[in-house]
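I opened this notebook to record what I looked up in one structure. My entries follow in the order in which I made them.

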Amino acid sequence: QVQLVESGGGLVQAGGSLRLACAPSGRTFSGYTMGWFRQAPGKEREFVATINWSGDSTYYADSVKGRFTISRDNAENTVYLQMNSLKPEDTAVYYCAARRGYASVNYYDTQPGKYNYWGQGAQVTVSS
């Protein structure tokens, strides 16, 4: 069982930046594709970004492309989501997710149902 713990959420003004981090509790990320999703009040959970095990393949939602960067440090056993140029519409609870896999990521990895493990979520609020 993989337990994921997110950190780094908070309140920021539009145009600002935040960095989220996700680390597993009790085991390593070895062999896991990692993803970030978000859910705003009254909306379905939506894909944000994903990264493969080795960190050389990433895939982003169009809404965040060019503003957000997903990365991972396997030595530190942590995956990050750097969020720049934040907009009020980025306000949501952000979730880290993991699934077994070594391959490059693609559209398949944007589906929440493909992930086996989820964090508890971190609130990100962007004020206008």
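**Entry 1: the aromatic cluster**

I found that F37, F47, Y59, Y115 and W118 form one aromatic cluster. The model is predicted, so I note that local features need pLDDT of at least 70 and side-chain atom pairs pLDDT 80 or more, while totals for chains, interfaces and linings use all residues. Residues are numbered from 1 along each chain as its sequence is written, and side-chain values use heavy atoms, without hydrogens and water.

Rings of Phe, Tyr and Trp (its six-membered ring) pair if their centres lie within 6.5 Å; planes under 30 degrees apart are stacked, over 60 edge-to-face, and the rest tilted. By this rule I counted 7 aromatic pairs. F37 and F47 are edge-to-face, with 5.7 Å centre to centre and 75° between the planes.

**Entry 2: F37 and Y115**

I looked up a second pair: the ring centres of F37 and Y115 are 5.2 Å apart and the planes stand at 80°, so it is edge-to-face. Y115 is in the loop between β9 and β10, 78 residues from F37. Both residues are buried (under 20% relative accessible area; exposed is over 50%, partly exposed in between, with a 1.4 Å probe and protein chains only).

**Entry 3: T110**

T110 is in the loop between β9 (92-100) and β10 (117-118). I recorded T110 as buried, at 8% relative accessible area. Leaving out residues up to four places away in sequence, T110 touches F37, F47 and Y59 (contact means heavy atoms within 4.5 Å).

Technical notes:
Helix = DSSP H or I, 4+ residues; strand = E, 2+ residues; numbered from the N terminus.
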